[in-house]
Amino acid sequence: MGLRERKKEKTRLAILDAALDLFLEQGYESTTVEQIAGAVEVSPRTFFRYFTSKDHLVLWFHDHGEEIVLEAMADRPPDEPPFTALMHALRAMVADIEDATPQEHERFLKLRRVLDENPRLVGQSVARGTEIERRLAEVVAARRGVRADEDQLSHLIVAFAMSTVRVGFECPRRDGGLPEITGRMAESIELAERSLRPGWDT
């Protein structure tokens, strides 16, 4: 990453951290874009160079996770069964979370608190996840040599794979922090692989 890119990333994270702190201190609905920008000493116009809205701020982790999974899928052998390839891609995402810095762990847990306190945002998160699943279905369909809009199996493969992440993220829920979450996600991936007959996705 060059100097300019590093400066942009530093500003993006500063905006994100300030927003999460304000959301937790005074409530999501009570926090304005102007307040977030002011906390970082940038203009609202600069804010909108990095995020399209307050909601986009809260859903930043979807963007990051999607990028990792798509890159990992592109690196998998073309003849690998699609579900297997997708499981490896999800493991790459889990590994990225596990390798995060303490500051990134704290940011992730703050974000989770914001979501817990604002059910409307959970709906936004689900909708964003649906967009990601549609894109992944297109990738899976391409690997299978079919069209995503004509093939239910490609969508089912993605639905099964992404459900392992959701189950690992949410159930059973304790207070062990990020290591517990990533451990459950890895466990759910392994459980799904053991539960499905080899070749079902071809």
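A word on terms before we start: a helix axis here is a line fitted to C-alpha atoms over the stretch in contact, and the angle between two axes runs from 0 to 180 degrees between their N-to-C directions. Keep in mind that what you are looking at is a predicted model. With that in hand, we can begin with helix 1 and helix 2, which pack at an angle of about 125° with their axes 9 Å apart.

**Helix 1 against helix 2**

- Helix 1 spans residues 3-26 and helix 2 spans residues 33-40.
- Angles of 65 to 115 degrees count as roughly perpendicular and those over 145 as roughly antiparallel, so helix 1 and helix 2 end up oblique to each other.
- The crossing of helix 1 with helix 2 is right-handed.
- On the helix 1 side, the contact involves Ala14, Ile15, Ala18, Ala19, Leu22, Phe23 and Gln26, and they meet Gln35, Ile36, Ala39 and Val40 of helix 2.
- Sorted by type, the residues in this contact of helix 1 with helix 2 come out as 9 nonpolar and 2 polar, with no charged ones.

- An unreviewed UniProt entry puts the feature "domain: HTH tetR-type" at residues 9-69.
- In the model, that stretch, residues 9-69, is 79% helix and 0% strand, and its end C-alpha atoms sit 21 Å apart.
- The unreviewed entry in UniProt also carries the annotation "DNA-binding region" for residues 32-51.
- Residues 32-51 are 75% helix and 0% strand in the model, with 13 Å between the end C-alpha atoms.

**Glu41, in a loop**

- You'll find Glu41 in the loop between helix 2 and helix 3, the latter being residues 44-50.
- Glu41 isn't a glycine, yet its phi is positive, at about 60°.
- Is Glu41 buried or exposed? Its relative accessibility is 74%, so Glu41 counts as exposed.

**Helix 6 against helix 8**

- Helix 6, residues 82-98, packs on helix 8 at an angle of about 140°, and their axes are 10 Å apart.
- That angle makes helix 6 oblique to helix 8.
- Helix 6 and helix 8 cross in a right-handed way.
- Pro82, Ala85 and Leu86 of helix 6 meet Leu136, Val140, Arg143 and Arg144 of helix 8.
- The contact of helix 6 with helix 8 has 5 nonpolar residues, no polar ones and 2 charged ones.

**Ser125, in helix 8**

- Ser125 belongs to helix 8, which runs over residues 119-144.
- With a relative accessible area of 13%, Ser125 is buried.
- Leaving aside residues up to four places away in sequence, Ser125 touches Leu59, Phe61 and His62.
- Ser125 and Leu115 are 10 residues apart along the chain, and 8.7 Å separates their C-alpha atoms.

**Helix 7 against helix 10**

- Helix 7 (residues 102-117) and helix 10 (residues 177-195) pack at about 80°, with 9 Å between their axes.
- Helix 7 and helix 10 are therefore roughly perpendicular to each other.
- His105, Phe108, Leu109 and Arg112 make the contact from helix 7, and Gly177, Leu178, Ile181 and Arg184 make it from helix 10.
- The residues where helix 7 and helix 10 touch split into 4 nonpolar, 2 polar and 2 charged.

**Ser163, in helix 9**

- Ser163 is part of helix 9, residues 152-170.
- Ser163 counts as partly exposed because its relative accessibility is 26%.
- From Ser163 to Ser188 is 25 residues in sequence, and 8.9 Å in space from C-alpha to C-alpha.

Technical notes: Residues are numbered from 1 along each chain as its sequence is written. This is a predicted model: local features need pLDDT of at least 70, side-chain atom pairs count only at pLDDT 80 or more; totals for chains, interfaces and linings use all residues. Side-chain values use heavy atoms; hydrogens and water are left out. Helices (H or I, at least four residues) and strands (E, at least two) are DSSP runs, numbered from the N terminus. Angles under 35 degrees count as roughly parallel, over 145 as roughly antiparallel, 65 to 115 as roughly perpendicular and the rest as oblique. A crossing is left-handed if the near helix is turned anticlockwise from the far one by less than a right angle, and right-handed if clockwise. Contact means heavy atoms within 4.5 Å. Ala, Val, Leu, Ile, Met, Phe, Trp, Tyr, Cys and Pro count as nonpolar, Asp, Glu, Lys and Arg as charged, and the others, Gly among them, as polar. UniProt positions are given in the numbering used here, feature names are shortened, and annotations may be inferred rather than shown by experiment. Buried means under 20% relative accessible area, exposed over 50%, partly exposed in between (1.4 Å probe, protein chains only).
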